Amino acid sequence: MDQKRELSSIDLAALVTELNRYEGAKVDKAYLYDDDLLRLKLRDFDRGRVELMIEVGDVKRAHASDPDRVADAPGRPPNFAKMLRNRMSGADFAGVEQYEFDRILTFEFEREDQNTTLVAELFGQGNVAALDETGEVVGALQTVRLKSRTVAPGSQYEYPASRLNPLDVSRGGFDRHMRESDSDVVRTLATQLNLGGLYAEEVCTRAGVEKETPIEEVTDDQLGALHEALSRIGERLRSGDIDPRVYEESIDGDGNADGDGNGDGDADPRVVDVTPFPLAEHEDLPSVGFDSFNAAVDEYFHRLGSEDTADGESPADASASRPEFEEEIAKQERIIEQQQGAIEGFEEQAQAERERAELLYANYDLVDEVISTVREARENEVPWDEIAETLDAGAERGIPAAEAVVDVDGGEGTVTVELAREVDDDTADEDGDSVRVELDASEGVEVNADRLYREAKRVEEKKEGAMAAIESTREELEAVKERKAEWEAKEAADDGSGGDDSEGDEDDEEYETDWLSRASIPIRSPDDWYDRFRWFHTSTGYLVIGGRNADQNEELVKKYMSKHDRFFHTQAHGGPVTILKASGPSESAEPVDFSEETLREAAQFAVSYSSDWKDGRGAGDAYMVEPDQVSKTPESGEYIEKGSFVIRGDRTYFEDVPCRIAVGVQCEPITRAIGGPPSAIVDRAAAHVTFEPGMYAQNDAAMMAYRNLKERFADQSFVRKVASADQLQEFLPPGGSDIVD
């Protein structure tokens, strides 16, 4: 049987309930693969990373996917993905609904400044549209302009015409729709009742009614049985009473369906359908059960994609074969060549406009005479044709002003003059010795010259835009070259991985990449949920996060502090909330016996970003408590400021902790700027700089660190991209700093 490639309306009805369990998850980023697969990366406090996949191409689906099955992020995001990032980054997922009984899902996202609705159309050509709070289309994958509806930026989104919902239809309405048909039972259920072929057959089987029975021969009892079977399906979906199944079909060695369902095919079985509950229509097919329908859908489309890849297709969520790096490099080089040509053209045009303006002033009296003559004639209501004839006659008599006029355009109200310019003998033959200038006959010489100067300035601004564009293209070209080098390095590593392992792990430990000397370092950018906070990983691998302000202090305690974590703060007022995490957001929390080294690094982090540093003190004291000792409830009559907390019970103190922070560049396994206590940074960074409280402002200290690090790498462009002064400044404490020799 044919493999299912689109989710049905019944499938979406079952999925909506499960997807709403992610309500409250925050959007991190949006990605777009191959113009038809949208990936929304979300962060759920209880479940960790959530990957929402919406595909509207040949395959049409919407579900949360296992992060391990998601392909690496594509290259430069297209405009639609950029727009979604601008509108939705940091937004809360507020829920999803199915539009009536159609294959349309509406996802709601809320943010303080603006809300966004994503409409996923999983029918026909497929589409995804982003709407603002008023329902106006902000952007869409496909612009739709039909007589019945329009989906285009700037227009109000229009849903397709309403369809009958067979799961809610009353017995009377059901009988009426069935009796109005002139076809058989199964076709009427599939089309008039909008069930589609598979579920129309399922209802017939469950009701015990022959599928091909003509409507005129159907009895009232049979209609009752059909409506009852349909109602039971609807009730099961509404109550969440599901038993998901992924159905398989055995195939023989030639890739043909084995057909008998006994699993004796020569090849591995292929998936053919996924349903929210077992179907009588598939009782002869082997199936695999799942705890949730979302998990079943994810498994089905993952296997479908893998099978498509094996058959030579290239689904967007499968790992691709070797990208066409050479083609992309050639494309970027062509774009750069075109942009360089445009820049040269802008330069020539701006120079020409400026030269025309200067020629007006160089021939001021002549130009003024032309304009005055024409203006006086127009004030006397002389027609433009007569003005042109008068000027022609004056030219024949040798009047210089009339001789300079080469065109009169009454429709535009302009006069074009030809003015001589001074040229060298070397350029006279090449460029000519005169220039034509179009004049607004209603304005004076100064106004006409100013218009030309303004035009020259406008063209120069276009040149600046083109220069910025060419720089962006050059960066993209470098990124493609880096991805190519990274791919080739991986291929070389894979090719060499099958050799003799007799040397064991000892050689691996001895090998260390000399990142500072490498001419090109591939960029592997991270995308971690904690990036917006202050953070570092201890030398033993535990994550420590701290607040940058009162709002983040509140958020860390309320959302990200678990019962086995540790809470740190300084004795000095004005320190950040610091949490030593026992596990990640998606990991189960277990008691941890943190080492003394780990605890002291967390304490040093708390002290270094506190007022101790800002006040220029070389050391400070910190304390540690259990999460259940931290409270927002003050004593009677007291008040707690935002971002502050009440600590009750015994505290573990860390005294005279040095104020020291190191910032550096990490090159493996990912590339990024890092910062934190020196003992946690030195071994992770290919190069680092250590700071103590001092005299240089935060931005100046960051620039010092950037220059220091850049000089130590052969690939200085790499440092600029992953550890710029702005990126390093994120890891420096507020207040003055000095580099430690």
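Predicted model: local features only at pLDDT ≥ 70, side-chain atom pairs only at ≥ 80, totals over all residues.
A residue counts as buried here when its relative accessible area is under 20%. By that cut-off, 45% of the 741 residues of the protein are buried. As for how the chain folds back on itself, take the contacts with a separation of 6 or more: 63% of them are between residues 24 or more positions apart.

An open sheet is built from 4 strands, running in the order E27-E26-E28-E29 with antiparallel pairing. The edges belong to strand E27 (672-676) and strand E29 (737-739); each has a single partner strand, so one side of each has no neighbour in the sheet. Going from one strand to the next, the twist averages 30°. Strand E28, which covers residues 687-696, pairs with E29 over 4 bridges, in the antiparallel sense. Tyr-696, for instance, has Ser-737 of E29 as its bridge partner. There is also a helix on this sheet: H19 (residues 698-712) packs on it and touches strand E26 (661-666), E28 and E29. The direction of H19 makes about 155° with that of E28.

A helix pair comes next. Helix H5 (residues 196-207) and helix H6 (residues 220-239) have axes that come within 8 Å and cross at roughly 115°. The crossing is right-handed. On the H5 side, the contact is made by Val-203, Cys-204, Arg-206 and Ala-207. H6 brings in Ala-225, Leu-226, Ala-229, Leu-230, Arg-232 and Ile-233. Sorted by class, that gives 8 nonpolar residues, 2 charged ones and no polar ones.

On to the charged side chains. Side chains of opposite charge can pair when their charged atoms come close. With a cut-off of 4 Å between a side-chain nitrogen of Lys or Arg and a carboxyl oxygen of Asp or Glu, the count comes to 39 salt bridges. One of these salt bridges joins Lys-26 and Asp-92, at 2.8 Å from N to O. Lys-26 sits in strand E1 (residues 26-33) and Asp-92 in strand E5 (residues 92-98), so this pair ties together parts that are 66 residues apart in sequence. How do the two partners fare for burial? Lys-26 has a relative accessible area of 17%, so it falls under the 20% cut-off and is buried. Asp-92, at 28% relative accessibility, counts as partly exposed, because that category lies between 20% and 50%.

Two further pairs are worth a look. In the salt bridge between Glu-55 and Arg-61, the closest N and O atoms are 2.6 Å apart, and both residues are buried. Asp-565 and Lys-581 also meet through their side chains, with 2.9 Å from N to O. Here the link is between distant parts of the chain, 16 residues apart. Asp-565 lies in the loop between helix H15 (550-560) and strand E20 (566-570), while Lys-581 is in the loop between strand E21 (578-580) and helix H16 (596-608). Asp-565 and Lys-581 are both buried.

Methods:
Residues numbered from 1 in each chain as written. Heavy atoms only, no water. Pairing = 2+ DSSP bridges. Helix = DSSP H or I, 4+ residues; strand = E, 2+ residues; numbered from the N terminus. Axes fitted to C-alpha atoms, helices over the stretch in contact; angles between N-to-C directions. Contact = heavy atoms within 4.5 Å. Left-handed = near helix turned anticlockwise from the far one by under 90°. Nonpolar A, V, L, I, M, F, W, Y, C, P; charged D, E, K, R; others polar. Buried < 20%, exposed > 50% of the residue type's maximum accessible area, 1.4 Å probe, protein only.
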